[in-house]
Amino acid sequence: MEQQKPRVAIQGIRASFHEEAAFKFFGDNITTIECNSFKQTFDKLQAREADYVVMAIENSIAGSILPNYSLLLSYNFPVVGEVYLPIQLHLMGLPGVKFEEVKTAMSHPIAIRQCDDFFNEHPQLKVVESSDTAACAKRIREEQLTDTVAIANSLAAKLYDLEILERRIESNKKNFTRFLILTHQENAKNITANKASLCFQVSNEVGSLAKVLNTLAEQNVNMSKIQSMPVLGKRNEYNFYVDVEWEDNKAYDTAIRQVLKYTHNFNILGEYKRYVEE
């Protein structure tokens, strides 16, 4: 019996950075479910119309994507993996188009900001913001725009048969985005984990958070990320989203038991393997 391709929900369309991240984690043999918003990806997973969600959570330049932390908590789907994707941006247009003929460049506003140096060198280009990098590439192909280029990844150039006029126009060549992989509870598999995403609250007293952090340190559990978000409708109360990494499972288990004494509304959002670049 042929195994069904994993159905992976992404924000955006085919050839977006989300699909590129999905390919990097799962391989090319997937069915991509295009969604208009991050919330819609979770709704697809909830309705069992998708098996997994690939969701950006932070970018090394733009920082954390705060609304997505709220989605993690409100839907409570387990995190089962992560992937880091280098963000490489190229200028692309219809085959045969010369750069001197180009009047307009389109892309997602974050991608545009990441190419400031390029646009400072070419002030003649009108910059137009759009909802998705790959959608800009698709529009150029469908509307046969000969005076317009898109800023997107090489996947978009390949899928929509566009020619890359300028490669690697991003200002920071070491930019990356971290993506989380989520699934529904029944599809989560037990793996040998060495990283976890946690969420908790602490009392509004001196040293409350320090007790949690000291407990982790005492057990040699490394905190690789911390992000605070206000609790809706409650003044001076915050959810703390923390990523931790460990080498010894017993030390991690001990740390979690001890941390429970200093926290409330404690959630393990997911335990998974730390991403390691091959």
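I took two strands as paired if DSSP finds at least two bridges between them. The model I examined is predicted.

**Entry 1: the annotated region**

I looked up the record before turning to the coordinates. UniProt, in an unreviewed entry, lists residues 197-273 as "domain: ACT". Over residues 197-273 I found the chain to be 29% helix and 40% strand.

**Entry 2: the four-stranded sheet**

I next traced an open sheet of 4 strands, whose order is β13-β14-β12-β15 and whose pairing is antiparallel. At its edges I noted β13 (222-230) and β15 (264-272), each of which pairs on one side only. Ignoring direction, neighbouring strands of this sheet are turned by 15° against each other on average.

I then followed the pairing of β12 (residues 195-201) with β15: these strands run antiparallel and are joined by 6 bridges. Which residue of β15 is the bridge partner of Gln201? I found that His264 is the partner. I also recorded that α9 packs on this sheet and touches β12, β14 (238-245) and β15. The direction of α9 makes about 160° with that of β15.

**Entry 3: helices α8 and α9**

I compared helix α8 (residues 208-218) with helix α9 (residues 249-259); their axes come within 9 Å and cross at roughly 160°. Angles over 145 degrees count as roughly antiparallel, and the crossing therefore makes α8 roughly antiparallel to α9. I noted the crossing of α8 and α9 as right-handed.

Which residues meet between these helices? On the α8 side I listed Val212, Thr215 and Leu216, and on the α9 side Ala255, Gln258 and Val259. I sorted the residues of this contact into 4 nonpolar, 2 polar and no charged.

**Entry 4: the five-stranded sheet**

I turned to a second sheet, an open one in which 5 strands follow the order β8-β7-β9-β6-β10 with mixed pairing. The edge positions belong to β8 (126-129) and β10 (163-166); each has a single partner strand, so one side of each lacks a neighbour in the sheet. From one strand to the next, the twist averages 35°.

Within this sheet I checked β7 (residues 104-107) against β9 (residues 148-152): the two run parallel and are joined by 3 bridges. I found Val149 in β9 to be the bridge partner of Ala105. Helix α6 (residues 133-143) packs on the sheet, where I recorded contacts with β6 (90-93), β7 and β9. The direction of α6 makes about 150° with that of β9.

Conventions: Residues numbered from 1 in each chain as written. Predicted model: local features only at pLDDT ≥ 70, side-chain atom pairs only at ≥ 80, totals over all residues. Heavy atoms only, no water. Axes fitted to C-alpha atoms, helices over the stretch in contact; angles between N-to-C directions. Parallel < 35°, antiparallel > 145°, perpendicular 65-115°, else oblique. Left-handed = near helix turned anticlockwise from the far one by under 90°. Contact = heavy atoms within 4.5 Å. Nonpolar A, V, L, I, M, F, W, Y, C, P; charged D, E, K, R; others polar. UniProt positions renumbered as here; feature names shortened; annotations may be inferred.
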